[in-house]
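Trainee: Can you walk me through this one? I'd like to start with the surface.

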Amino acid sequence: MTDKRQNDSILIVLPLDGEIVPIDQVPDPIFSGRMMGDGAAVIPENGKIVAPVDGTLSMIAPTRHAFGFKTADGKEVLVHVGLETVGLEGAPFTVHAKAGDKVKKGDLIAEVDLDFLKEKGINPITPIILCKGGDDVVMDIAEGKGKAGQTAVLTLFPRQAEEKSEKPEATEAKAKAARPEEKKKKKKLNINFDALQKFGKVLMVVIAVMPAAGLMISLGKLVAMSGASVPVILTIGAVMENIGWAIINNLNLLFAIAIGGSWARERAGGAFAACIAFILINSITGQIFGVTNDMLADPAAMTHTLFGQEIA
């Protein structure tokens, strides 16, 4: 039975020299969570990327960081070189093949400059994923270090051969044991914790200015009290207090801009800062020149400059 099992097996070899690690150790939830399929990963020791299977080079990413391969029996294998390498726009990659080429295990496909990735602080760990054709196979994952084009990283055995080697009662027992796990998986919520974290940070920006607003109100009252009847000091105190109240009274607007800005990514900070500047300019100039909302509605209203001159 063992000989037949070995004869029916399919080998997916390493695309790069290096150390093989389980897929759940890849620090990216897309791969470690097996969202694209099951497999393994390699921590590369050099930059030569070779074909992991016999078949067709079915896809080369526009940024040259990922390569898709398809075998004659329809299995699809993805080699994703490094994490977040899509943002490099192909800079460290040199491709020696083109999509549609027939390939054999070990054929040179591309090269990557690992020193460049290191300088950019990018993790070079390379997932090798069986994206399609894994439903009818049992996967055996290798361990340790290996050579590109030679060492089998994934060995695939036909699932039928695996099931026939067991008694029907044992197969049914395994199926029943797996059913509760399947139900649990279905109940899992797909929560984007990264998005929630960013949203929380945006709201914290608004909350962070509230103590400063309270401090300005307190300092403004103290300055006004110490200024007695000196007009300039009284004005400074009133301006400081008014700055604090301007922020407190417009918290609803600040929260609205912060929440909307969180969807606009880097534009959020600029929108928030512009809003605060608008509020403070209106508040400060209104306090200095003694302008109120009622006066704005009265075309005959008069105010005074800091030197006592009347102005309309």
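Mentor: The chain exposes about 19,000 Å², and 59% of that comes from carbon and sulfur atoms. Keep in mind that this is a predicted model.

Trainee: What share of the 312 residues counts as buried?

Mentor: Of the 312 residues, 33% count as buried.

Trainee: Which residues form a nonpolar patch on the surface?

Mentor: Leu215, Leu219, Leu222 and Met225 do, with about 420 Å² of accessible area together.

Trainee: Take Leu222. Where is it found?

Mentor: Leu222 lies in helix 6, which covers residues 193–226.

Trainee: And why is Leu222 called exposed?

Mentor: Because its relative accessible area is 53%, and exposed means over 50%.

Trainee: New topic. How many helices and strands are there?

Mentor: The chain has ten helices and 16 strands.

Trainee: What is the strand order in the open sheet of eight?

Mentor: The order is 9-5-6-7-11-3-2-13, and the pairing is antiparallel. The edges are strand 9 (102–103) and strand 13 (144–146), each of which pairs on one side only.

Trainee: What holds paired strands together in general?

Mentor: Strands of a sheet pair through backbone hydrogen bonds.

Trainee: How many bridges join strand 5 to strand 6?

Mentor: Four bridges join strand 5 (residues 55–60) to strand 6 (residues 66–70), and the two run antiparallel. As one example, Thr56 has Lys70 in strand 6 as its bridge partner.

Trainee: Last one: what share of the contacts with a separation of 6 or more is between residues 24 or more positions apart?

Mentor: Such residues account for 66% of those contacts in the chain.

Technical notes: Residues are numbered from 1 along each chain as its sequence is written. This is a predicted model: local features need pLDDT of at least 70, side-chain atom pairs count only at pLDDT 80 or more; totals for chains, interfaces and linings use all residues. Side-chain values use heavy atoms; hydrogens and water are left out. Patches are made of residues with over 30% relative accessible area and no salt bridge: like charges are joined within 9 Å, nonpolar side chains (Val, Leu, Ile, Met, Phe, Trp, Tyr) within 5 Å. Accessible areas come from the Shrake-Rupley method with a 1.4 Å probe; for residues, only the protein chains shown count as cover. A salt bridge is a side-chain nitrogen of Lys or Arg within 4 Å of a carboxyl oxygen of Asp or Glu. Buried means under 20% relative accessible area, exposed over 50%, partly exposed in between (1.4 Å probe, protein chains only). Two strands pair if DSSP finds at least two bridges between them. Contact means heavy atoms within 4.5 Å.
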